[in-house]
Amino acid sequence: MAVLETILWKKILCRTGASDLIGDNRLVSAGVSNLWTSYMSNSLAVCMNKYALQIIEDPNIRKVHELALQVSEHNVKQIARIFQEIRFPVPDGFNENDVNLNAPRLFTDHYHLFYLHVLTIHGLSGYSLALTVSESPQVRQFNIDAYTLTVDLYNKTLELMQNLGIYDHFPQIPTPDTFEYAEKQSYLAGWIGEQRPLNVMEITSIYANLRKSIMLKTLAIGFSQTAESQEVRAHMARTIDLAAKHIELWSGVLHDDYLDSAVTYDTHVTDSQIAPFSDKLMMVHGGFLIAAAMTYYGTGMATGMRRDLAPHYAACIARDAKVAEDGMNILIKNHWYEQPPQAANRKALSKPD
């Protein structure tokens, strides 16, 4: 394992916390319930990083994945301890049965780094949101620590990609001479009338979502050729088509304003057909990413001011929702869906025996 590089890392990874959760251990707050998602995603990340460390050759990329593995394992242990303290069942999550460490290389070193970089972005969004609904001091501290460690991982992946010359910069725009106020209703026009160029907020949202679709497409390509079940392979093929459609759409919107689109990673998948991961892990992972994409598209819709952008975002969300629903049906059918905590069924409880 990599040697921890900072005092901050040592302090956080050695933290155990005090028993300062909510008094009634049988009542679970929304903040504690959010730990369920963190446990699932971190146990999945342990599997992904353990496999990556079996095949990555670049020493610097290996180092950042070693740190990522340490963080994921630490988070899994911390969440399990919190659940045990409040007598809450620890999720099954993912374990050694969901990863084949003897599987040959499926993705290139550069894709593994790109994948990890995008996943840190998802992590930062998740931990910051979880913090805002956490009431317990211990749960808040967990989310703060997890966010802090993820910031460090984000910086490390970004800087390494830049040093390797593989970081794809956001499109650049000319520096304005001064601030301006919008003077015409045409500022909102999209399909009809005078259409203005994209503003910097719109460019940022489009490009960020484009990168995530590129990461998902490459991951689904690898999953589609290694899944054991033909049903899972077919679903991954649908995911590839979904991501490709969105890549084409948003690249076209950027190109219409003579802006660069993001570099794809389609060629970073080998021809291996030996699965590094279980079908369950692949299906859940794809579902996580599609669900996250709908959230990001919703944010893009809220910040986009040109009228033509909202219908694009709405269409993307609708397509994502359809594929996500089909994926959920496969998970439930195969008993792979570990459902999150839910409210008591009061109607059922009130029925006489």
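The legends below describe several close-up views of a predicted model.

In this predicted model, local features need pLDDT of at least 70 and side-chain atom pairs count only at pLDDT 80 or more, whereas totals for chains, interfaces and linings use all residues. Residues are numbered from 1 along each chain as its sequence is written, and side-chain values use heavy atoms, with hydrogens and water left out.

**View 1. The protein chain as a whole has 10 helices and zero strands.** Helices (H or I, at least four residues) and strands (E, at least two) are DSSP runs numbered from the N terminus, and from that end the elements of the protein chain run α-α-α-α-α-α-α-α-α-α. Of the 353 residues in the protein chain, 49% are buried, where buried means under 20% relative accessible area, exposed means over 50% and partly exposed lies in between (1.4 Å probe, protein chains only). Contact means heavy atoms within 4.5 Å, and among contacts between residues at least 6 apart in sequence, 85% join residues at least 24 apart.

**View 2. Helix 8 packs against helix 9.** Helix 8 covers residues 279–303 and helix 9 covers residues 309–333, and their axes lie 9 Å apart at an angle of about 160 degrees. That makes helix 8 roughly antiparallel to helix 9. Axes are lines fitted to C-alpha atoms, for helices over the stretch in contact, with angles running from 0 to 180 degrees between N-to-C directions; angles under 35 degrees count as roughly parallel, over 145 as roughly antiparallel, 65 to 115 as roughly perpendicular and the rest as oblique. Helix 8 passes helix 9 in a left-handed crossing, a term used if the near helix is turned anticlockwise from the far one by less than a right angle, while clockwise gives a right-handed crossing. Residues making the contact include Met-283, Ile-290, Met-294 and Tyr-297 of helix 8, together with Tyr-313, Ile-317, Asp-320 and Leu-331 of helix 9. By class, the contact of helix 8 with helix 9 has 17 nonpolar, three polar and two charged residues, where Ala, Val, Leu, Ile, Met, Phe, Trp, Tyr, Cys and Pro count as nonpolar, Asp, Glu, Lys and Arg as charged, and the others, Gly among them, as polar.

**View 3. Helix 7 meets helix 8.** The axes of helix 7 (residues 230–256) and helix 8 come within 11 Å and cross at roughly 25 degrees, and the two helices are therefore roughly parallel to each other. Helix 7 passes helix 8 in a left-handed crossing. On the helix 7 side the residues are Val-232, His-235, Met-236, Thr-239, Leu-242, His-246 and Trp-250, and they meet Asp-279, Met-282, Met-283, Ile-290 and Tyr-297 in helix 8. The residues of this contact divide into eight nonpolar, three polar and one charged.

View 4. Met-282 in helix 8 is buried, with a relative accessible area of 0%.

View 5. Ser-136 lies in the loop between helix 4 (109–132) and helix 5 (137–164) and is buried, with a relative accessible area of 2%.

**View 6. Tyr-258 and His-335 have positive phi values.** Most residues other than glycine have a negative phi. Tyr-258, in the loop between helix 7 and helix 8, has a positive phi of about 60 degrees although it is not a glycine, and it is exposed, with a relative accessible area of 79%. His-335, in the loop between helix 9 and helix 10 (346–350), has a phi near 60 degrees and counts as exposed at 74% relative accessibility.
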